[in-house]
Amino acid sequence: AQIHYFPETTSTMDEAVNLARQGCPDFTVAVAERQTHGRGRMQRTWLSADGGLFFTVVIKPAAMPLMQAGLVNLAAAIDMAAVMREIHKVDARLKWPNDILVGQQKICGILSQMNTEGDHVDHMAIGIGLNVNNAPETEEAVAISLKGLLGRPVPRREILLAFLERFETRIAAFDAEKVIGQWRESNATLGQRVCVFTFKEKVEGTAVDLDAQGGLILQQDDGTRQTVIYGDCFHR
Ligand code: BTN
């Protein structure tokens, strides 16, 4: 991977756009010490307090069908959760679609952007924000950092490099079924009663499975099933 380090930027998502525009190679990474305009999913702000790990990976998968793009996001969450379990022995689990939780608290969020070329992915920018040594600034106690969990400062570089190694290998030989299998193994959503807010509606039910594209299949109270492909998911 080619890694570009920025002491300060608006958002590593912006740096990713610049890098892609300049024709960067596959698997180029922008990592920032500080983001002045960090972005989250669903038009939210990502508060980027000092000590967090903020980076975006630009991938240019050769001939990846659009159908698989959602699985790339799930794969990023799977790989980051695995790194956290492996290096720091924390019980990192996935909340659909690609948040990482420890217990009920969020420790990592992923935001991605996709550029398409016909029915294929041209490039994707996968942005990851991991609470490492920062105090997560949220109103409620919904977030936690590695430092908060382990009671000591944690080096960020080791986590970044371990993640990039895993994720690069994964993308080079992308296996959709393996992603779905691994997500099933490390998720905290399936079996739960959930409420998902999509752009236009609210869907409630029991999360029963993932579909082939990484959508969440809900069993509603009237017995019908509905699949949501995007949205904010709340465990009840
Ligand atoms: C979310 O859970 O809403 C996704 C948060 C993604 C945050 C990361 S930090 C690095 C990259 N740059 C951004 O502005 N956002 C992503």
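In this predicted model, helix 2 (residues 69-88) packs against helix 5 (residues 176-186), with axes that come within 10 Å and cross at roughly 50°. That angle makes helix 2 oblique to helix 5. The crossing is left-handed. Helix 2 contributes Leu71, Leu74, Ala75, Ile78 and Arg85 to the contact. Helix 5 contributes Ala176, Val179, Ile180, Gln182, Trp183 and Ser186. By class, the contact of helix 2 with helix 5 holds 8 nonpolar, 2 polar and 1 charged residues.

Helix 2 also contacts helix 4 (residues 156-172). Here the axes come within 9 Å and cross at roughly 135°. Helix 2 and helix 4 are therefore oblique to each other. This crossing is right-handed. On the helix 2 side, the contact is made by Val72, Ala75, Ala76, Ile78, Asp79, Met80, Ala82, Val83, Glu86, Ile87 and His88. On the helix 4 side, Glu158, Ile159, Ala162, Phe163, Arg166, Phe167, Arg170 and Ile171 take part. The residues of the contact of helix 2 with helix 4 comprise 13 nonpolar, 1 polar and 5 charged. Ala75 and Ile78 of helix 2 are listed in the contact with helix 5 and in the contact with helix 4.

The cysteines were examined next. The disulfide count is 0. For Cys108, the closest cysteine sulfur is in Cys233, 16 Å away, so the pair is too far apart for a bond; a disulfide would need the sulfur atoms within 2.5 Å. Cys108 is buried, with a relative accessible area of 0%. Cys24 also counts as buried, at 6% relative accessibility.

Note on methods. Residues are numbered from 1 along each chain as its sequence is written. This is a predicted model: local features need pLDDT of at least 70, side-chain atom pairs count only at pLDDT 80 or more; totals for chains, interfaces and linings use all residues. Side-chain values use heavy atoms; hydrogens and water are left out. Buried means under 20% relative accessible area, exposed over 50%, partly exposed in between (1.4 Å probe, protein chains only). Axes are lines fitted to C-alpha atoms, for helices over the stretch in contact, and angles run from 0 to 180 degrees between N-to-C directions. Helices (H or I, at least four residues) and strands (E, at least two) are DSSP runs, numbered from the N terminus. Angles under 35 degrees count as roughly parallel, over 145 as roughly antiparallel, 65 to 115 as roughly perpendicular and the rest as oblique. A crossing is left-handed if the near helix is turned anticlockwise from the far one by less than a right angle, and right-handed if clockwise. Contact means heavy atoms within 4.5 Å. Ala, Val, Leu, Ile, Met, Phe, Trp, Tyr, Cys and Pro count as nonpolar, Asp, Glu, Lys and Arg as charged, and the others, Gly among them, as polar.
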